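Hi everyone, thanks for making time today. I'd like to walk you through one structure, so please have a look at it before I start talking.

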Amino acid sequence: MKVSTSLTPGDQLPVLLERIERREKSERSRAVLYSLLPVALTVVLLGYTASSVRNAQKQVDALKTGATTYTTQIDTLKKNAETYKTQSQSLQGDTENYKNQVTELQAQLAEAQKALSEAVNLSRAVRTIDYVNAKELASHFPGNESLLLDVLDLRQRRIKWKLGGQSPQEGFDSPSFAMYILRQKRASGIEVRPESLSEASRSLYDKLPPTTQPRTGDLVFYPAGYAMFYFADPREGPFVLGMTPFGIAALKSDFAKPVGYRQVQWR
């Protein structure tokens, strides 16, 4: 006999309740899952964002450090540029100084060569004179016998040549030596203060009266600024005496063509 499997309404109720309960649990689980999913996604997004922010901050810090380094390097380069500029200006100044020194040395060399050439030329015209023949010669120079001996005394002291010099200690050039002698011997019309010796010596040619027939004690002016005292030696011919680049010397009067003669009145 076949057994009927159909349930009565009273038996079906528990089954329905159980199904409802299972469905509610499933719905609750699904609801919880659906509610937790956005939270999980939010947490993941927040974590990713935080990580990105941290990485970005590290990059910013690295860029700041790099920028600081570059700024320091730029400042260093600027300082170096200023230093190089200063050094360049200093080198330019040194170059100008060296150029000036070279120009000055070239001028001094040219002057030395000129003086050497003049000295060589003058040395050919040197007239030997000492105290023995000087005393004999002095007897022929009435009125200024001591001039020759006084100049030879200064030569004995080895007074040196110095351009623009104004004293025996410093030295003389040719005109200033002539002025010194004129002042020491108190020649007429020569009133010069010691401090103006150099200036006065440059105007000797204009101060003294001209003459075409020089006598002993007169001044003979030559090219290159020589001012020499004239001596009329009746035996060996006239000569001149004064300061030269190689010291006080006696020279033949025709060692160069005179510029002019000036008369000196000795007291």
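Let me begin with a cut-off we will need in a moment: a residue is called buried under 20% relative accessible area, exposed over 50%, and partly exposed in between. What you see is a predicted model, with a mean pLDDT of 80 for the protein, and 82% of its residues at 70 or more. Among the elements, strand S2, residues 219–222, has the highest mean pLDDT, 94, while helix H5, residues 197–201, has the lowest, 64.

Now to the backbone. Arg 158 is not a glycine, yet its phi is positive, near 60°. You will find Arg 158 in the loop that runs between helix H3 (145–156) and helix H4 (174–184). Is Arg 158 buried or exposed? Its relative accessibility is 74%, which is over 50%, so Arg 158 counts as exposed.

Ala 224 also has a positive phi without being a glycine, this time about 70°. Ala 224 sits in the loop between S2 and strand S3 (226–231). With 57% relative accessibility, Ala 224 counts as exposed too.

Let's go to Thr 211, in strand S1, residues 210–211. Thr 211 counts as buried because its relative accessibility is 17%, and the cut-off for buried is under 20%. Which backbone atom lies 3.2 Å from a polar atom of the Thr 211 side chain? That would be the backbone nitrogen of Gln 213. Setting aside neighbours within four places in sequence, Thr 211 is in contact with Asp 218, Tyr 261, Arg 262 and Gln 263.

The largest nonpolar core has 30 residues, and Ile 181, Leu 219 and Phe 229 have the most contacts inside it. Two or more residues each come from helix H2 (131–138), H3, H4, S2, S3, strand S4 (239–244) and strand S5 (247–252). H4 gives this core its largest share, 6 residues. As for Ile 181, leaving out neighbours within four places in sequence, its contacts are Leu 147, Val 151, Leu 154, Phe 229 and Trp 266. There is also a second, separate core of 8 residues, including Tyr 226, Tyr 230, Val 240 and Leu 251.

That's my tour, and I'm happy to go back to any part of it.

Note on methods
Residues numbered from 1 in each chain as written. Heavy atoms only, no water. pLDDT = per-residue confidence, 0-100. Helix = DSSP H or I, 4+ residues; strand = E, 2+ residues; numbered from the N terminus. Buried < 20%, exposed > 50% of the residue type's maximum accessible area, 1.4 Å probe, protein only. Polar contact = N/O pair within 3.5 Å; in protein donor to acceptor, adjacent residues only side chain to side chain. Contact = heavy atoms within 4.5 Å. Core = buried A, V, L, I, M, F, W, Y, C linked by side-chain atoms within 4.5 Å.
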